[in-house]
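The following exercises concern the architecture of a single protein chain. Each task is followed by a solution in steps.

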Amino acid sequence: MTQTIDWQPLKDLIASRQRFVLTSHVRPDADALGSELGLAAVLRALGKEVRIINPSATPAHLQFLDPAGEISKLGDRFSVDSACDTDVHLVVDTSARKQLDDMCKVLERTSATKVVIDHHVCGDELGAIEYRDVSAAATGVLITELAEFLSVRPDRDAAIALFAAIATDTGWYRFPNTDSRTLGTAARLVDLGAQPSQLFRELYERSSLSRLKLKARILDRVQVVGGGRLAYTVVFRRDFKETNSQPADTEDLVNEGLTIEGVDCAFILVEQPGGQVKASLRSRGPVDVAAVGREFGGGGHVQAAGAMLPGPVEKAEETLLAALHKALELNPVEITASL
């Protein structure tokens, strides 16, 4: 296996420090959580003390990855001051201030050495030592490679978490970011105890009736515009109450738009409690949705990105449609006429 990152400085840092805090982004996905849990297991195997503290709670549908309840939300078990009390603060799967929310207070106050391990293109200056590889399909790939560099064999639970990280960020290995490196890493994790069939059931075959009802409502609103190249839908706050569902139940539904023949780009808008609108964007063509996301303070990958737009939903819809018609190089009249 060819290492794309020189891990030696991080190996030296880990050897010289004892206490570690791990953090990822708000609304953590499986790559964020799996990378944290995998890295925590690696560090503990080296005799280190580790706490995982995130800016928001673990979504209910991903709690199976953390059966021991290792991951804490800032303000629950740990305050800002107690989170600052560490030797190394390691951020995985992001370096964007907006995505770190209240954990930015910790990063600003702590005297700990700050480290970022990430595979996203964009981020902010956090005063951290960065280990970034945008060619990696998932941060879970990088954590697995770091474990191998450190000569640590992840245990079964860590292998499951890391496999989930990689599988979800590649759309179960169907996205274009899947390459031989990705599949080789996944194969090694299977050898360590990850069970793909069991993980698939946990991730995709445990839907509640509430989520199914929400999905039906969301799909019923799908619009295809721009000459058939752009699909989108919206979710209002009332939808969660009326279907007894949760915001996390919208996870991955944006990908449904890309299943429509001829669609190159899809997005979903989700109304937030504060009045803002969360946008999730996907592309399977030449459109760089990360660049579109950055226009609104977000970002991500070329074919999978997100952003937070000002409300109301109708205004966010209009704004994002205008941005995407430019990205798709469509005549504005095409979109307007299709609505």
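**Exercise 1.** Is the crossing of H2 and H7 left-handed or right-handed? Characterise the packing of this helix pair.

*Solution.* The model is predicted, so local features need pLDDT of at least 70 and side-chain atom pairs count only at pLDDT 80 or more, whereas totals for chains, interfaces and linings use all residues. Residues are numbered from 1 along each chain as its sequence is written, and side-chain values use heavy atoms, with hydrogens and water left out.

Step 1. Helices (H or I, at least four residues) and strands (E, at least two) are DSSP runs, numbered from the N terminus. Axes are lines fitted to C-alpha atoms, for helices over the stretch in contact, and angles run from 0 to 180 degrees between N-to-C directions.

Step 2. The crossing of H2 and H7 is left-handed, meaning that the near helix is turned anticlockwise from the far one by less than a right angle; clockwise would be right-handed.

Step 3. Residues of H2 in the contact (heavy atoms within 4.5 Å) include Gly-34, Gly-38 and Ala-41, and those of H7 include Ala-161, Ala-165 and Thr-168. By class, 8 nonpolar, 4 polar and 2 charged residues take part in the contact of H2 with H7. Ala, Val, Leu, Ile, Met, Phe, Trp, Tyr, Cys and Pro count as nonpolar, Asp, Glu, Lys and Arg as charged, and the others, Gly among them, as polar.

**Exercise 2.** What is the strand order of the open sheet with parallel pairing?

*Solution.* Step 1. The order of its 6 strands is S3-S2-S1-S4-S5-S6; two strands pair if DSSP finds at least two bridges between them.

Step 1. Strand S3 (71-73) and strand S6 (129-132) have a single partner strand each, so one side of each is left without a neighbour in the sheet.

Step 2. Strand S1 (residues 19-23) runs parallel to strand S2 (residues 49-54), joined by 4 bridges. Phe-20 stands opposite Val-50 in S2.

**Exercise 3.** Describe the sheet with mixed pairing.

*Solution.* Step 1. This open sheet has 6 strands in the order S7-S8-S9-S10-S12-S11. Its edge strands are S7 (223-225) and S11 (299-300).

Step 1. Helix H13 (residues 313-327) packs on the sheet, and its direction makes about 160° with that of S9.

Step 2. In the loop between S12 and H13 lies Pro-312; the peptide bond from Gly-311 to Pro-312 is cis, with omega near 0°.

**Exercise 4.** Where is pLDDT (the predictor's confidence in each residue, from 0 to 100) under 50?

*Solution.* pLDDT stays under 50 over residues 333-339. The chain has a mean pLDDT of 93, and 96% of its residues reach 70 or more.
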